[in-house]
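The sequence and the structure are shown first, and the description follows.

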Amino acid sequence: MIFKPLIVSFLIALQVLQGSIMVNEMTNDNNPDLVDMYLKALLMRESTNNYEAKHKASVITDFATGKPIRVQALGGYGILDINFPIWAKQAGLKDFSMADSDWKDPKAQDTIAKYKIQEYFNKFNSWDAVSVAWFAGENKAKKLMRNGT
């Protein structure tokens, strides 16, 4: 699966930093340090820390219409171009646009990714489901939570 390397990196980082953030028992904790570590692993996995990355465009099925649409993952976290403006607004970036100066801004990308990862964790209470939601969409994460697959 595409997200297994991310989970492995995340777990290795957790073990290395065990003394500093693992004072409390870590089950499905949303400790801010865990969120930040997850984001670092995600940034490395998606772009090797390249906030200006433009991933190869692909075609996916639009959930609303069922029709194929062209999408492109952008930036350090590989946020789909169709999600960038919506997620930016949700994250509180009111003046965000798809201009290079906005989507290439590392602070904007960090803010958006952190907001969305925290939202996914709050919704699913599972780092596995967070990874599935990020890489395959919320519907797949819901299926994972329902069926375990």
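## A pair within one helix

Lys116 and Glu119 lie 3 residues apart in helix α6 (residues 106-124), a separation of about one helical turn. In this predicted model, their side chains form a salt bridge with an N to O distance of 2.7 Å.

The two partners fall into separate accessibility classes. Lys116 is buried, at 4% relative accessibility, whereas Glu119 has a relative accessible area of 21% and is partly exposed. The value for Lys116 is under the 20% limit that defines a buried residue, so Lys116 is classed as buried at 4%.

## A pair between two helices

Lys123 and Glu138 also form a salt bridge, and their closest N and O atoms are 2.4 Å apart. Lys123 belongs to helix α6 and Glu138 to helix α8 (residues 138-147), so this pair ties together parts that are 15 residues apart in sequence.

Lys123 is partly exposed, with a relative accessibility of 46%. Glu138 is likewise partly exposed, at 22%.

## The remaining described pair and the total

How many salt bridges does the structure hold? The total is 4, and one of them joins Lys104 to Asp100. In that pair the closest N and O atoms are 3.6 Å apart.

Lys104 has a relative accessible area of 23% and is partly exposed. Asp100 is partly exposed as well, with a relative accessible area of 41%.

## Gln72 in its loop

Where is Gln72 found? Gln72 is located in the loop between strands β2 (68-71) and β3 (73-74). Is this residue, Gln72, buried or exposed? With a relative accessible area of 17%, Gln72 is buried.

A polar atom of the Gln72 side chain lies 2.8 Å from the backbone oxygen of His55. His55 is also one of the residues that Gln72 touches when those up to four places away in sequence are not counted.

Conventions. Residues are numbered from 1 along each chain as its sequence is written. This is a predicted model: local features need pLDDT of at least 70, side-chain atom pairs count only at pLDDT 80 or more; totals for chains, interfaces and linings use all residues. Side-chain values use heavy atoms; hydrogens and water are left out. Buried means under 20% relative accessible area, exposed over 50%, partly exposed in between (1.4 Å probe, protein chains only). Helices (H or I, at least four residues) and strands (E, at least two) are DSSP runs, numbered from the N terminus. A polar contact is a pair of N or O atoms within 3.5 Å; within protein, one must be able to donate a hydrogen and the other to accept it, and residues adjacent in sequence count only if both atoms are side-chain atoms. Contact means heavy atoms within 4.5 Å.
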